[in-house]
Structure formats: structure tokens, C-alpha cells
Amino acid sequence: VAALSGDARRCLDICRRATEICEFASQKRTPEIVRMAHVTEAIDEMFSSPYINAIRNASLHEQIFLKAILAEFRRAGVEEATVQQVYQQHVALCRIEGMQSPTVSEIMAICSRLGACRLLLVESSNKYLHMRVRLNISQDDVMYALKDE
């Protein structure tokens with residue numbers, strides 16, 4: 001749980017849910033001990049949502065854009081950034097991966113798509129690069145959805 005989220009409350013929620021899963025399973029058979037399989041099932045259940053599925057099914061550059069947002073939040077220490085700041089992080093991540101960086105108009109399209117599926121909250125502005133963006137889901141959920149990528 002610590003790898004997914006540093007939150008002790010979430011850890012306790014997962015343990016509680018694993019216990020419930022075990023109790024439900026043992027109603028059919030003899031009582032049993034909560035095992036790692038129950039914990040894994042609870043984690044999968046708690047971290048599966050339409051938003052997480054949307055992230056997992058997003059295009060590669062949309063996923064990189066989300067990683068860039070997380071990187072910018074970490075760098076700045078606040079959970080809001082401009083598209084320009086995220087774009088700079090995106091370009092840096094593309095360089096690391098040896099990929100071609102998207103153009104500014106492609107970044108704006110990516111930002112619009114992520115906003116349309118409500119993964120991002122995008123401030124409306126006519127100064128596109130200065131629009132502010134925030135995640136509409138927790139950073140933990142984004143990291144969990146992208147952990148296999």
C-alpha cells in the first residue's frame with residue numbers, strides 16, 4: 001500500500017475491505033484467515049474506477065501529459081500548473097524516452113481531451129499556454145493507473 005499511496009487511512013480502508021471480502025468468502029465455507037489474495041482483491045477494487053480505466057486506455061502522449069502534470073506539481077509544490085509549465089515537463093519526459101515531442105497545438109488537443117473526460121480541470125482562457133490545469137482525481141490514483149506504463 002505504501003508504494004501506491006503514503007496514506008495510512010487508505011491502508012486501513014484496504015485492510016478493512018480485505019477483511020470483509022474474507023468474511024464474505026468464508027460464509028460459503030469454513031472461516032479462514034485474511035490472506036494476501038484478499039488484500040490484492042481489495043486494492044484492485046479500491047483503485048479501479050472509470051477514471052483509472054480512462055487513464056489506462058489513454059494515448060501514450062496523454063499518459064505522458066499526466067506524468068508531466070505530476071512532475072510539475074512535485075517541482076512547484078502546488079497542485080495547479082499552467083499548460084506551459086506542463087508542456088515543458090512533457091518535452092523533458094519525451095527527451096528521456098527518446099520520443100518526438102508534440103507541438104503546442106497537439107498539447108492543447110491532449111489537454112482538451114483529458115479535460116473532456118474530466119480527468120483534468122482546465123481553466124478557460126484565450127491565452128492557451130497560460131491556462132491553469134488541475135487534476136480532478138487524486139495523484140495517487142494517477143500514479144496507480146500509470147504504474148505499469
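**Between the domains**

I looked for salt bridges between domain 1 and domain 2 and got a count of 1; I call it a salt bridge when a side-chain nitrogen of Lys or Arg sits within 4 Å of a carboxyl oxygen of Asp or Glu. This is a predicted model, so I kept to its limits: local features need pLDDT of at least 70, side-chain atom pairs count only at pLDDT 80 or more, and totals for chains, interfaces and linings use all residues. Residues are numbered from 1 along each chain as its sequence is written, and side-chain values use heavy atoms, with hydrogens and water left out.

I found 4 residues from domain 1 and 4 residues from domain 2 in the contact (heavy atoms within 4.5 Å).

Next I checked the area: domain 1 and domain 2 bury about 310 Å² between them, 48% of it on carbon and sulfur atoms. That is the accessible area (1.4 Å probe) the two parts lose on being put together, summed over both. Arg10, Asp44 and Phe47 supply 92% of what domain 1 buries against domain 2, more than any other three residues.

I also looked up a salt bridge of arginine 10: its partner is aspartate 141, with the closest N and O atoms 3.4 Å apart. Asp141 is among the buried residues of H7. That helix (residues 139-146) has 6 of its 8 residues buried, so the rest of the structure largely encloses it. For burial I used under 20% relative accessible area as buried, over 50% as exposed, and partly exposed in between (1.4 Å probe, protein chains only). Helices (H or I, at least four residues) and strands (E, at least two) are DSSP runs, numbered from the N terminus.

**Other charged pairs**

The whole structure gave me 8 salt bridges. Glutamate 72 pairs with arginine 75 at 2.6 Å between the closest N and O atoms. Glutamate 72 counts as buried at 2% relative accessibility, while arginine 75 is exposed at 53%.

Glutamate 80 and arginine 132 meet at 3.4 Å, N to O. They link distant parts of the chain, 52 residues apart: glutamate 80 in the loop between H4 and strand E1 (81-82), arginine 132 in strand E3 (residues 132-135).

Last, I noted glutamate 20 and arginine 17, at 3.1 Å, N to O. Both lie in helix H1, 3 residues apart, about one turn of the helix.
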